[in-house]
Every structure is written in structure tokens, then in C-alpha cells.
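Thanks for coming. Please have the sequence and the model open.

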Amino acid sequence: MKSLDIHKSEYLKQFETQTYGRNLFRTQEEERLDAPNEECGIFGMYSDNDLDTFSLSQFGLFALQHRGQEACGISVLKNGKITNMKDEGLVLDVYKEIPDPETFMGNSAIGHTRYTTAGDKKKYNFQPFFAKNEYDQIILSIAHNGNLTNAKELKAELEAEGVVFRATSDSEVILRLIQKNLDLGLRGAIKMTMEKIKGAYSVVGMTRNKFFAFRDFNGIRPLVLGAIDEKSYVVASESVALDAVGAQYVRDILPGEIVYTNENEPGKLHSYMADEEKGKQRICSFEYIYFARPDSSLENINVYEIREKSGEKIWHQAPVEADVVIGVPDSGVPAAIGFAKASGIPFRPVLIKNRYIGRSFIVPTQEMRERVVNLKLNPIISEIKDKRVVIIDDSIVRGTTSKRLVKILKDAGVKEIHFRSVSPPIIAPCYLGIDTPSKDDLISANMTTAELRDYLGVDSLEFLSVENLKEILGSANHCFGCFTEQYPVGKGEEIELFN
């Protein structure tokens, strides 16, 4: 048992200095095609004191880099003026392009890391979004994580009223609705916006004298609140961003809650429930399985512990005789440790990753692209040759990378392969802020477990059941839409948002 504790400690320690790679077998193209992808991470901070918002926002967004790697942006409030910077690239690369850090040192900042869907990599869709007045001054800026299911009709209504849109993102609908209703006061404008929009949304934002954040009535996308001191607050997608800036976790923003500052009471953060009766907890269950960093806590639930418990649970659900347990780095490792703890089968970290490899090589042929995988991860053959191996992964989406992993293990001389997925079969796309393949490309929507076992070429295959997932999470108050096709809100039109 002691060795498992050592593995756990070493596993968590690496994320203090390195970004989180959820499944390192995937090439860059496969990350888009063979995995659900979180669309973004958001970060915001406010202080009545002087803070180095340039550095702290950089630290916070770097901690959320795993939630989006295509683009990054920040808005900073300084002396009543909002300055915005956004560009394509990773957090540290974008910050390097800022020539004068002093410009981005104020008392409030918001930031965004973006994962862009195919065909949507336009700079005008990078966040934060902002609105200007007639004097070309930014008066409002927001960063949004989630997806609106009625954005198309709301955009049409606003355009009929003369509102001009500059992007093709549903996030701009939120911006324009708040801007349109600012005569109601900031809180009134946000409340009016929340009453009109549907879907999943966590938002941070600022005006020229206020900071705010709010979350949808189902709390589908995560949003946590922390404090650096009595007059300095931080809001972020995950608690690891609080850790990165030296903030203490206070609580999660509640479903349907608005938190905001008031220029008449500097340093005080107010809370307002947009509709007490509508608020209910339905946070995405896949956050715990795959998206969040293992050292995060969401809704007071530790992500690492959930993943370890999922490995223990699938052992009790589907025990098997084997010699070695291995996990697919990084997100499959905690579950593999849990499986080993419950079964007594030794865990071995035999898939070794190259920590210096970039996101991808530029290679012209499929044959060479195949070899990139072995540059990212390579097995220790002596640990698995002629042995019965249990491989633990977080999920199976299209099945292509799982099949490749099986081939790598077979080439290494493994005697038997028993595949365990610690998520239930993914049978439906997400319409609430996660980019997933269409149902036609979801392998579990088109094959039985037996058919998929034969396709992968493994000796046995099991998925964690939905009921066991609920038991691990401690309640059914989560969104399980990708496993059950039952969503907390209507999915809206299954068409492109804006043509």
C-alpha cells in the first residue's frame, strides 16, 4: 500500500510545474477528433489593493491551460480604463507578446484560455469579448465557459433591434444582452440576461468600475470563489487556479448566483440569487472523470479521490485475474492506482512520457504521424512482456487511440489485455459546453460492448456503470447527458450557431 501512496504523491506533484496532459497517447489531431474537449477555462480577480494583475492572471490561466490550448486573452481594469489583449497560442506565449506589463497591472483582471472547434479559429472569436462606447472606450468585458442552446434566436432578435455582432460565438450574445440592459444597473442587466439565455454558462466580467461573475441555474460548468485577503477575490473554473495565485478556496459559485462589487463599497463582494426557485445543482459529471486537473476540487469533491474511487469501483464491478495494472497518462493513472489498491494486483507506471515533446510534430505522412505516439509515450517492455495486463483509461470515444494503445501493448509482448473504462459508454454528444464528436462517430453509440471488445482486440472490456458513477459522486445531481442522452436543459437546434 505504501508504494501506491508514493505513486499518488509523485503523480500529483508533477502538476505544480507542468501542464496537465489528459491522454498523452493522442496526437494533436486526435485530441480534437477522439476526445471530448472542454471549450475553455476562465479566470477573474478583483482587489481594492494594488496587485500585480499581470503576473497573477498569467499564473491563474497557466493553471487552467489544460482547458484550452488554442488561444488566450486578458482584460485588465486600471484607473477606470479597460485594456484587452488576446492572441492565438498557449498562455505563456501570449503573455510574452505583451510589450509593456505595466499596462496590465491594475486592480481587476479577467482571462480566458480557449479550445476552438474546427473551422472556428478566428481571432475575433478569442476571448475576453468587450463592448465599447461612442468614444471608442471599452466599457464592458466578459469571458465565458459553456454553450448557449438558444443563441441563434437571441442573436436574430438583437440584430433586428440594430445590434451589430463582430464574432460568431454564442459568448457575444451574453455580452450584447448585458450591454443592452446596462441602464437597469449591472446586477439588473445580468439578471435580465440570465432570464433570456438558456444552456450552460459560467461568466466572469468587468465594467469600468465593477467586477462580476455568474453561473447558470443548473451549475453545469464549474466556477469557484477564492480570496487572497479580505479585499481581494479570485473566481476561476477550477480550484487549482486559486492555488496558483495564493488564494484560499472559499466556496463554489452557486447555480443561478451573481457575485459583484459595488463602487460605493470598495473591497466588498456582494451575492445575489437571480431566481431562488430555479437554482439546482447539475454540474457536468465528466469534469471529475476527465476534464479537471486531479489536484482540483469541484463542489467540495476532490477530483483525484473520485478518479481513484472509480478504479476501485470498476474492480468490484468487473474483477479479473491479472499480473499488472497500468493507467493511460495522465487522467487514467489515479483510477489505475485505485484498481490496484482494491484488487491487490500491482500498479506499474510502465508508460513513460517524454516531458520535452511539444504538442505535435509537423509530419507529412500518416506513417510518420503514427510514430509520433511512441515519441510521446513508450512502454517499459520488461515490466509487461508475457504478463496479463489490465489497462485503465478514462473513457473510450471514437476508439482509434484505444485500438492503437492495444497494438503498442501487443507489440511489447503482453500475454492478455483487459481494458477497463472508468466512464460509462459515451453514447451522445454534449450540447452544453463540451466539444464531442457526432453520434455517428461515438463508437459506443454504434457498437455493443462485445463488438467493441472484438474491434479493440482485447481479452475483456468493461465500462463503469452509470449507477456506480452516481454512487462514487455521492448523488445523481450531475449532468450525465453524454451517457444517458438525458440533459438538464433542452439541447436546442442541432445546427451551426451562426451561418
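Let me begin with strand S10, which pairs with strand S12, residues 248-252, in the antiparallel sense over 4 bridges. Ala227 stands opposite Gln248 in S12. Two strands count as paired if DSSP finds at least two bridges between them. Strands themselves are DSSP runs of E with at least two residues, helices are runs of H or I with at least four, and both are numbered from the N terminus.

Before going on, the ground rules. This is a predicted model, where local features need pLDDT of at least 70 and side-chain atom pairs count only at pLDDT 80 or more, while totals for chains, interfaces and linings use all residues. Residues are numbered from 1 along each chain as its sequence is written, and side-chain values use heavy atoms, with hydrogens and water left out.

Back to S10, residues 224-229, which also pairs with S11, residues 232-236, antiparallel over 5 bridges. Here Gly226 stands opposite Val234 in S11.

Next, an open sheet. It has 6 strands in the order S6-S7-S8-S9-S13-S14, with antiparallel pairing. Which strands stand at the edges? They are S6 (129-132) and S14 (269-273); each has a single partner strand, so one side of each is left without a neighbour in the sheet. On average, neighbouring strands of this sheet are turned by 15° against each other, direction ignored; the axes are lines fitted to C-alpha atoms. Within the sheet order, S9 (residues 211-215) and S13 (residues 257-261) pair in the antiparallel sense over 3 bridges, and Phe214 stands opposite Ile258 in S13.

Now the two residues. UniProt, in an unreviewed entry, places the feature "active site" at Cys40; such annotations may be inferred rather than shown by experiment. Cys40 is found in strand S2, residues 40-47. Is Cys40 buried or exposed? Buried, with a relative accessible area of 4%, where buried means under 20% with a 1.4 Å probe, protein chains only. Not counting residues up to four places away in sequence, Cys40 touches Arg67, His112, Thr113, Arg114, Tyr115, His144 and Asn145. Contact means heavy atoms within 4.5 Å.

Last, Ala322, in the loop between helix H10 (303-317) and strand S18 (324-327). Ala322 also counts as buried, at 14% relative accessibility. Beyond its neighbours within four places in sequence, Ala322 is in contact with Ile345, Arg388 and Val390. Between Ala322 and Arg388 there are 66 residues in sequence and 4.8 Å in space, C-alpha to C-alpha.

Terms used
Buried means under 20% relative accessible area, exposed over 50%, partly exposed in between (1.4 Å probe, protein chains only). Axes are lines fitted to C-alpha atoms, for helices over the stretch in contact, and angles run from 0 to 180 degrees between N-to-C directions.
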